[in-house]
Amino acid sequence: MTATTADGGSLLGAGPGPGAAARDLARTITRRSNRVGEKFAMALITLAAVLSVFITIGIVASLLLPAIEFFSFEDSPSVVDFLTGTRWAPTFADASFGVLPLITGTLWTTGIALLIAVPFGLGAAIYLAEYASFGVRRVLKPVLEVLAGIPSVVYGYFALTFVAPALLKDILAIDVGTYSVLAAGLVLGVMIIPTIASLSEDAMSAVPSAMRDGSLALGANKMRTVLRVVFPAAISGITAAIVLGISRAVGETMIVALAAGTQARMVAAPDQPGQTMTGFIAQTATGESQPGTITYDALFAVGLTLFVITLIINVISIRLVRRFREKY
Amino acid sequence: MTEGDPSTMSTGEPTPDAPGELIKPVEVPAARKLSATAPPVIECVNVDIYYGAFRAVSGVNLAYGNHEITAMIGPSGCGKSTVLRSLNRMNDLIQGARVEGVIAYHGKNVYDKDVDAIELRRRVGMVFQKPNPFPKSIYDNIAYGPRVTGMKVESMNDLVEQALRGAALWDEVKDKLKESAYSLSGGQQQRLCIARTIAVKPEIILMDEPCSALDPIATGKIEDLMHQLRDDYTIIIVTHNMQQAARVSDRTAFFTAEATGGNGARTGRLVEFAPTEKIFSSPAQQETADYVAGRFG
Amino acid sequence: MASMGELAAGAVAPLRAGKNSDRSPQSILFLIALWVALGFAVLCLLTLLIDAVLDGLPRLDANLFTQYASTLSPETGGARAAILGSAMVIGFTALFAIPLGVAAAVYLEEFADGERWWNRLIEVNIQNLAAVPAIIYGMLTAGFALAIGLERRVVVTAAIALALLILPVIIVTSREALKAVPSEIRQGSLALGATPLQTVWRQTLPAAVPGVATGTILALSRAIGEAAPLLLLGGLSFVTYDPNGLLSGYTVLPIQIYGWVQQPQVEFRQLASAAIIVLLLLLLLMNAIAIIIRNRYQRRW
């Protein structure tokens, strides 16, 4: 490359084309190998990401196939009867497969849970986002994280051995039995407080401080500023938090399996026992039913119903979160 | 390419070094004899660079000479860094970036399908604006390039020493090669990045405002280093500091940006490319004269 | 609202007037309400912990760790099989979930073009998987095991179910950790002629390890407390032997607890409480490790 010969030249100038030395150098940047190993590794990585899609497909298939089979037995209900029937008795001699009692049970426990989790969760979120000093936050945020990390079976134990007999019966003198949707729902509510609190706090912390300053500069006090400015500005994030809390409450299994009861019936009052969709799945799954029987397939029909309900809730939540991310 | 005499073109001709006077009017060191017809190491022919639909640079024709230091100067947004990053295809990493025209490395278009951007970057190294050592030891920072490029190295220790000496850093770090690169000062980190680059034995070193994060003393050291490196490498430097361009470079390319389209989008354009001495003393274009004088007076 | 007198007082101490509006009865009630909300969460946590500890402390003895579960003598029975089962299932869960989760995170964060519809599909899909009820993963794995003719009540199915369950969490936290590595590091590596994969493997990923490890440990601590999916996968078996491999029958701590809580005798409840203490201590340990890693090794760029 040191010798400049007559054939050296530039594409820009009128000179002759590149010399042999230059051609050798030019060749150094062309592909040396196919990097087979790299391509293989890249394919594996891509496959890992694509696997998540196959998991979803797998979920749908593993629920749908037995669910279809469920509707094809001799004594199967029609889809309409399944969705609108009010008697759920899969193991009885005169079996009946109306899923409404299970949905009612789920609605009760979820509703009671929200009555607890929304006010307490939002209160905690407002305090942490707007009032708490740095030191207080440093102590209280971990408390919420610990609460979020407690296994649900421990909450179930708590509902069955403390909330129902001691708190509700002895202290509050409410006439509940061992099992009730009330006890299960209350503890379910405690379980989803951290979900609602931490996501709502994120949403409120994301509100620009200029909005607060503007309100305070107009003479509004802190409470008004929080309730009239910050809270409305964060509303889509807060809604998303509540929706995600609902999704968790609907899908939670261990608390309701332990504390709500095992009788599938149209629950009319909170002190009654009842069975939720997840409670039924847990009970039947641990029983003796074998694949290929209608009882086993009923599990998957209920599972599919549960999946579709939570899917709808999740899609709403994802949409809401996206909207509040876009805003700021 | 209008000046000089082909017969004097040689590698590593010693140059009178400008002393690192820092705050002083632009003073161009006595020019090296530059070759007019020597084949360029790398050149741009009618290069347009787009980000998506936005044209960042248009119509650039530039030839970078062997063992020369070429400076690219101009106001911010004029596309000088964009051109620099297209030379070793670092632009590939930006989504939507697209190059039209030819960028030829020894006559081979680097955007040809059969060109491997990775091999290209081994030949065309790059030093960035902010020193970016890896979170590893000084030694491992140097050894990283040879290791990943699969260079056949007889003694890694020797190579590390050679690279650090090449970047005028050896004496300062020889006793702490195993320490984290983050323990070095900013200027030392930048020289480490240069050492890291020369350890893979590239032909060309691209420098993207390499001194903008450094203090004047560290800047002076890097500029001295560039003069030494010219013996073995071709250097292309983007700088916003005209004195620096005048001090270190053999040729200077002046870019500017002008509004194209109604939405305030500005497209960069090469105004003038000439030996540094000429750019700073008797530029052919009025725009160049204004910029060189205006920024300075 | 302010009378002349108050205004006059305000002239002496002008800041008072501004403060007063934050001390109106409404404001104070509001603040008390917020305190109650937070206090409620703290109170619940304390009650739950105290309740479990009081019930379980008498049974927190050596038998708990060395004896198998017994239907006849809960006074001396233990959770040996469940503790070992939890350890083994979580070990395999980590083995399955970590490589997959980190690989998917690397793809999405380092290579995927977010404009492409299939990459967006993968992202939304992962968001959705994170919120699918845990028990559904049990049903998926049960169906999968049935389809490929695998015994459904063994360690490997349990580990697969839990790995699928925590995969979204690992992907999301690993992506956050990768995102925190500055792009200068990547560019420096690529400019030296390293391939994109070499860059990820030797620079980006090592720099992200503390974040990935923290997220992974937290995800595994969720898996170790999870019982619902294993109800469908034979977790509730009566096991009086040590699990000894992928195809071994097994039980795990949360399911053992579930089984014991359902028993009417008070001795079983005590046993359940003791097992809960063990489980909570295990979680505390895992969280402590995660926090130590986060504080000690996390680099601030």
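**View 1. Confidence along chain A of the predicted model.** In this predicted model, chain A averages a pLDDT of 86, and 92% of the residues score at least 70. Among the elements of chain A, the highest mean pLDDT, 94, belongs to helix α4 (residues 100-131), whereas helix α1 (residues 20-27) has the lowest, 78. Over residues 1-8 of chain A the pLDDT stays under 50, and for this stretch the model has 16 contacts beyond four places in sequence.

**View 2. The contact between chain A and chain C.** Chain A brings 66 residues to this contact, and chain C brings 67 residues. On the side of chain A that touches chain C, helix α2 (residues 36-70) of chain A gives the most, with 18 residues. Sorted by class, the residues on that side of chain A are 45 nonpolar, 18 polar and three charged.

**View 3. Helix α2 of chain A against helix α5 of chain C.** The axes of α2(A) and helix α5 (residues 80-111) of chain C lie 7 Å apart, and the two helices pack at an angle of about 100°. Angles of 65 to 115 degrees count as roughly perpendicular, and α2(A) and α5(C) are therefore roughly perpendicular to each other. From α2(A), the residues that take part are A:Leu44, A:Ile45, A:Thr46, A:Ala48, A:Ala49, A:Leu51 and A:Ser52, and in α5(C) they meet C:Leu100, C:Ala103, C:Ala104, C:Val106, C:Tyr107 and C:Leu108. This contact of α2(A) with α5(C) has 11 nonpolar and two polar residues, with no charged residues.

View 4. A:Leu63 is found in helix α2 of chain A. A residue is buried if 20 or more other C-beta atoms lie within 10 Å of its own, and A:Leu63, with 24 other C-beta atoms within 10 Å, is therefore buried. Leaving aside neighbours within four places in sequence, A:Leu63 is in contact with A:Phe300, A:Gly303, A:Leu304 and A:Phe307, and also with C:Met139. Although A:Leu63 and A:Phe300 are 237 residues apart in sequence, they are 5.3 Å apart in space, C-alpha to C-alpha.

View 5. Chain B has 10 helices and 10 strands, and 52% of its 297 residues count as buried. Among the contacts in chain B with a separation of 6 or more, 71% are between residues 24 or more positions apart. Strand β6 (residues 124-127) of chain B is covered on both faces, with B:Val124 and B:Met126 buried on one side and B:Gly125 and B:Val127 buried on the other. Strand β7 (residues 204-208) of chain B pairs with β6(B) in the parallel sense over four bridges, and in β7(B) the bridge partner of B:Val127 is B:Met207.

View 6. In helix α9 (residues 183-191) of chain C, the buried residues are C:Arg186, C:Gly188, C:Ser189, C:Leu190 and C:Ala191. Their cover includes α2, β6 and α6 of chain B, together with α10 (196-225) of chain C. Just after α9(C), C:Gly193 takes a positive phi of about 95°.

Key. Residues are numbered from 1 along each chain as its sequence is written. Chains are lettered from A and ligands numbered from 1 in the order in which they are written. This is a predicted model: local features need pLDDT of at least 70, side-chain atom pairs count only at pLDDT 80 or more; totals for chains, interfaces and linings use all residues. Two residues are in contact if their C-beta atoms, placed from the backbone, lie within 7 Å. Ala, Val, Leu, Ile, Met, Phe, Trp, Tyr, Cys and Pro count as nonpolar, Asp, Glu, Lys and Arg as charged, and the others, Gly among them, as polar. pLDDT is the predictor's confidence in each residue, from 0 to 100. Axes are lines fitted to C-alpha atoms, for helices over the stretch in contact, and angles run from 0 to 180 degrees between N-to-C directions. Angles under 35 degrees count as roughly parallel, over 145 as roughly antiparallel, 65 to 115 as roughly perpendicular and the rest as oblique. A residue is buried if 20 or more other C-beta atoms lie within 10 Å of its own, exposed if 12 or fewer, and partly exposed in between; C-beta atoms are placed from the backbone. Two strands pair if DSSP finds at least two bridges between them.
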